[in-house]
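The sequence and structure come first.

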Amino acid sequence: IGLGLDITIPLIDMFIFDMYITTQHLDTEFKGLVATIAWDTKLYTFSDNMNLSYSGTSDYGFCNKYAESLGASDGVQDEFIMFNGFYLNYGKWATSFSVELHRHFMYSKAPSGNPNDTSYYFGLHRNF
């Protein structure tokens with residue numbers, strides 16, 4: 001349950017802000033709050049069919065009771081994740097390099113299993 005806004009920012013093609021309450025699975029008990037932003041923009045256009053774009057998301061969870069139930073230490077009640085993707089788009093194809101930052105990310109740990117890790121990804125994509 002929450003509030004979402006599409007915000008117009010010069011030189012950014014898409015920017016979204018969401019703020020919502022979280023619960024655990026089907027339980028309706030309050031588990032915390034999350035603020036999310038998402039963005040997407042073209043950085044450079046090489047030709048009609050080729051461009052470089054940057055997109056990402058960032059989630060900040062706070063007042064997080066779920067982290068406590070998973071054994072977070074030192075009274076940690078916040079978590080942060082940020083995804084940054086750089087895409088070289090050519091027609092219906094794209095290659096990408098992405099970086100994902102985690103801090104206290106308890107409920108869905110980084111691929112390494114460390115809730116304070118950084119992950120790197122390379123990708124090849126096809127748009128249908």
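## Contacts and surface of a predicted model

The side chains of Glu100 and Tyr121 make a polar contact at 3.2 Å. A polar contact is a pair of N or O atoms within 3.5 Å; within protein, one must be able to donate a hydrogen and the other to accept it, and residues adjacent in sequence count only if both atoms are side-chain atoms. The model is predicted, and local features need pLDDT of at least 70, side-chain atom pairs count only at pLDDT 80 or more, while totals for chains, interfaces and linings use all residues. Residues are numbered from 1 along each chain as its sequence is written, and side-chain values use heavy atoms, with hydrogens and water left out.

Glu100 lies in strand β6. Helices (H or I, at least four residues) and strands (E, at least two) are DSSP runs, numbered from the N terminus. Glu100 counts as buried because its relative accessibility is 15%; buried means under 20% relative accessible area, exposed over 50%, and partly exposed in between (1.4 Å probe, protein chains only). The Glu100 side chain also makes a polar contact with the side chain of His102, at 3.2 Å. Apart from neighbours within four places in sequence, Glu100 is in contact (heavy atoms within 4.5 Å) with Ile81, Met82, Phe83, Asp117, Thr118, Ser119 and Tyr121.

Phe80 belongs to strand β5 and is partly exposed, at 28% relative accessibility.

**The chain as a whole**

The protein has one helix and seven strands, in the order β-β-β-β-α-β-β-β from the N terminus. Of its 128 residues, 31% count as buried. Among contacts between residues at least 6 apart in sequence, 39% join residues at least 24 apart. The protein exposes about 8,400 Å², of which carbon and sulfur atoms supply 60%; accessible areas come from the Shrake-Rupley method with a 1.4 Å probe, and for residues only the protein chains shown count as cover.

Asn89 is placed in strand β5 and is buried, with a relative accessible area of 18%. The side chain of Asn89 makes a polar contact with that of Ser53, at 3.1 Å. Not counting residues up to four places away in sequence, Asn89 touches Asn49, Met50, Asn51, Ser53 and Ala94.

Ser53 is also one of the residues touched by Lys42, along with Asp13, Asn51 and Leu52, when residues up to four places away in sequence are not counted. Lys42 is found in strand β3. The C-alpha atoms of Lys42 and Tyr54 are 6.3 Å apart, and the two residues are 12 apart in sequence.

**Aromatic pairs**

A pair of aromatic rings is described by the distance of the centres and the angle of the planes. Rings of Phe, Tyr and Trp (its six-membered ring) pair if their centres lie within 6.5 Å; planes under 30 degrees apart count as stacked, over 60 as edge-to-face and the rest as tilted. The count by this rule is six aromatic pairs. Two of them are tabulated here.

| Pair | Centre to centre | Angle of planes | Class |
|---|---|---|---|
| Tyr44 and Phe46 | 4.8 Å | 70° | edge-to-face |
| Tyr54 and Phe86 | 4.8 Å | 20° | stacked |

Tyr54 is buried at 19% relative accessibility, whereas Phe86 is partly exposed at 34%. Ring pairs join Trp39, Tyr54 and Phe86 into a cluster. Tyr44 is partly exposed, with a relative accessible area of 49%, and Phe46 is partly exposed at 46%.

**The nonpolar patch**

Which residues form the nonpolar patch on the surface? Leu43, Tyr44, Phe46, Phe86, Leu88, Phe97, Tyr120 and Phe122 do, with about 870 Å² of accessible area together. Strands β3 (30-45), β5 (79-90) and β7 (118-126) each supply at least two residues of the patch. Phe97 lies in strand β6 (residues 93-103) and is partly exposed, at 31% relative accessibility.

Note on methods
Patches are made of residues with over 30% relative accessible area and no salt bridge: like charges are joined within 9 Å, nonpolar side chains (Val, Leu, Ile, Met, Phe, Trp, Tyr) within 5 Å. A salt bridge is a side-chain nitrogen of Lys or Arg within 4 Å of a carboxyl oxygen of Asp or Glu.
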